[in-house]
Amino acid sequence: MRGLFSYVTALAIAVLFPAQALAAEAHELPGAAMSLWWALPFAGLLLSIATGPLLFHHVWEHHYGKIAAAWAALVVVPLAVAFGVPMAGEAVLHTLLTEYMSFIILLFALYTISGGILLAGNIHGTPLVNAGLLLVGAILASVIGTTGASMILIRPVLRANDNRPFNAHVVIFFIFLVSNIGGSLTPLGDPPLFVGFLRGVDFFWTTVHILPDTLFVGGLVLAVFLALDIVLHRREAGMPKIKDPTPDTKVRLRGLANLPLLAGVIGAILLSASWKPAVSFSILGVILELQNLVRDAIILALAFLSLRVSYKSHRQANGFTWGPIAEVAKLFAGIFICIVPVIAILRAGHDGALAPLVSLVTSADGQPNDLAYFWLTGALSSFLDNAPTYLVFFELAGGDAKHLMTEAASTLAAVSAGAVFMGANTYIGNAPNFMVFAIARHRGFKMPGFFGYMAWSGLVLIPTFLIAGFVFFH
């Protein structure tokens with residue numbers, strides 16, 4: 001048995017690490033010497049996330065955490081064998097403690113606090129009312145996140161349109177605008193932007209640099225929706241009336257105690273960005289700065305405070321459960337671990353195994369090709385989770401936040417816009433997409449299937465992105 005283990009170990013090192021191991025004193029994984037085999041667990045996990053809910057729903061529903069853990073183990077164990085436990089452990093722990101924990105704490109807080117806010121009552125879903133709801137939701141998405149805004153507004157939107165013969169398009173454009181495009185202006189809006197914030201991008205950088213892109217793309221998509229909804233609403237006038245299952249009533253905003261808690265989350269993030277006490281702590285070789293620990297502690301406390309001050313009836317009316325955030329926490333733990341060797345390879349640039357990808361986004365003169373960054377980030381974000389996709393291209397562009405915010409600002413804008421905007425291209429591009437789809441279908445809306453939805457995005461979003469890419473990144 002011992003001989004077999006030695007053989008397997010030797011084989012693993014030969015396949016995954018073809019070059020000789022570097023000195024044990026190195027503090028980072030030697031990406032230039034690592035083959036593309038190291039990226040297989042990352043690709044496998046993302047493929048599992050993309051296909052699991054569609055192809056083997058029941059298995060995925062009960063075992064997604066185990067599947068993610070298995071892919072993560074296929075990274076951690078070979079890393080420990082090839083480079084030693086200290087180096088592998090430090091690489092994985094650094095990612096989990098400095099990025100994953102802050103990332104999931106913010107998502108948990110926004111999900112929890114927004115779940116205590118209830119928009120009660122009902123209004124009639126006319127074209128102007130629907131356009132107004134989508135506009136409000138898109139603005140709200142950058143304040144409380146695409147997940148929070150989607151969960152607060154999707155049920156009022158469904159109630160407003162549940163007596164219309166043609167209503168699936170309202171949900172589709174809701175996913176376009178509220179669950180994706182609207183979240184492009186702050187790190188609170190969409191997970192990839194918060195990953196960028198954790199990597200050093202200023203809080204309001206995207207607010208300034210992505211605003212023109214967002215106004216253009218969001219405005220154009222909203223105009224298309226309004227024109228389409230007017231046409232369909234006029235067609236409905238000659239059709240038999242459907243009894244409204246939720247008659248119009250006065251709209252009221254409940255759970256107001258959660259609003260200052262959301263403001264507190266924003267304040268905590270701004271505090272960590274401006275307060276630099278130069279105090280840090282070392283945990284197993286990983287340096288954690290005091291301002292980030294204080295930020296995460298405040299955000300976590302605000303989330304638990306929301307559970308105390310919110311009425312259970314409001315959360316029940318919102319259909320609030322812990323299932324979605326638990327799934328996100330488990331899957332992203334696997335994603336952040338599996339992406340560790342991929343990031344190391346990307347940092348090697350033209351010397352690494354991903355050199356062809358580096359060349360694809362680099363012009364002949366050595367300058368970054370912003371249009372390629374926009375489309376490649378967006379294309380992968382359409383089918384893979386947009387947060388790790390953003391991180392891959394962030395590293396591909398150099399990984400230095402100060403450089404990307406200044407000399408390479410247009411490149412960072414292209415990566416940011418691609419990751420956020422094109423998460424709307426499929427049901428699996430961003431976490432809220434499938435949640436909104438499931439809620440609408442449960443309420444009786446005849447939602448298109450996976451490829452039917454892509455037909456909508458192909459007709460509406462792709463032409464919009466083609467124009468936006470030419471205008472802003474050509």
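To talk about how helices pack, we treat each one as an axis, a line fitted to C-alpha atoms, for helices over the stretch in contact, and angles run from 0 to 180 degrees between N-to-C directions. Helices (H or I, at least four residues) and strands (E, at least two) are DSSP runs, numbered from the N terminus. What you see is a predicted model, in which local features need pLDDT of at least 70 and side-chain atom pairs count only at pLDDT 80 or more, while totals for chains, interfaces and linings use all residues. Residues are numbered from 1 along each chain as its sequence is written, and side-chain values use heavy atoms, with hydrogens and water left out.

Start with helix H16 (residues 386-396) and helix H18 (residues 409-421). Their axes come within 9 Å and cross at roughly 165°. Angles under 35 degrees count as roughly parallel, over 145 as roughly antiparallel, 65 to 115 as roughly perpendicular and the rest as oblique. H16 and H18 are therefore roughly antiparallel to each other. H16 passes H18 in a right-handed crossing; the rule is that a crossing is left-handed if the near helix is turned anticlockwise from the far one by less than a right angle, and right-handed if clockwise.

Which residues of H16 and H18 meet? From H16 come Asn386, Tyr390, Phe393 and Phe394, and from H18 come Leu412, Val415, Ser416, Ala419 and Val420. Contact here means heavy atoms within 4.5 Å. Sorted by class, the residues of this contact are 7 nonpolar, 2 polar and no charged. For that sorting, Ala, Val, Leu, Ile, Met, Phe, Trp, Tyr, Cys and Pro count as nonpolar, Asp, Glu, Lys and Arg as charged, and the others, Gly among them, as polar.

Here's a handy bit of background: an α-helix has 3.6 residues a turn, so residues three or four places apart point the same way.

Now hop over to helix H5 (residues 127-161) and helix H6 (residues 168-177). Their axes come within 10 Å and cross at roughly 175°, so H5 is roughly antiparallel to H6. On the H5 side, the contact includes Leu134, Leu153 and Leu158, and on the H6 side it includes Val170, Phe173 and Leu177. In total, the contact of H5 with H6 has 12 nonpolar, 3 polar and no charged residues.

Next up is helix H4 (residues 85-115), which bends by about 35° at Tyr100. The bend at a residue is the angle between axes fitted to the seven residues ending there and the seven starting there. Is H4 enclosed by the rest of the structure or open, and why? Of its 31 residues, 22 are buried, so H4 is largely enclosed by the rest of the structure. Buried means under 20% relative accessible area, exposed over 50%, partly exposed in between (1.4 Å probe, protein chains only).

One partner of H4 is H13: the two pack at an angle of about 155°, with their axes 10 Å apart. That makes H4 roughly antiparallel to H13, and H4 passes H13 in a right-handed crossing. Tyr100, where H4 bends, is one of the H4 residues in this contact, and Phe332 and Phe336 are among those from H13. The contact of H4 with H13 has 18 nonpolar, 1 polar and 2 charged residues.

In helix H2 (residues 40-55), a kink of about 30° lies at Ile49, shortly before the proline Pro53. Ile49 is buried, and other buried residues of H2 include Phe42, Leu45 and Leu46. The buried residues of H2 pack against helix H3 (57-83), helix H13 (323-347), helix H15 (370-383) and H16.

Let's finish with a few single residues. Leu302 lies in helix H11 (residues 290-309) and, at 14% relative accessibility, counts as buried. Leu302 touches Ile113, Leu261, Gly264 and Val265, not counting residues up to four places away in sequence.

Asp213 lies in helix H9 (residues 211-236) and is buried, with a relative accessible area of 4%. Leaving out residues up to four places away in sequence, Asp213 touches Phe421, Phe472 and Phe473. Asp213 and Phe473 are 260 residues apart along the chain, yet their C-alpha atoms are separated by 10.0 Å.

Is Ala278 buried or exposed? At 79% relative accessibility, Ala278 counts as exposed. Ala278 sits in the loop between helix H10 (258-274) and strand S3 (280-283), and its phi is near 60°, a positive value in a residue other than glycine.
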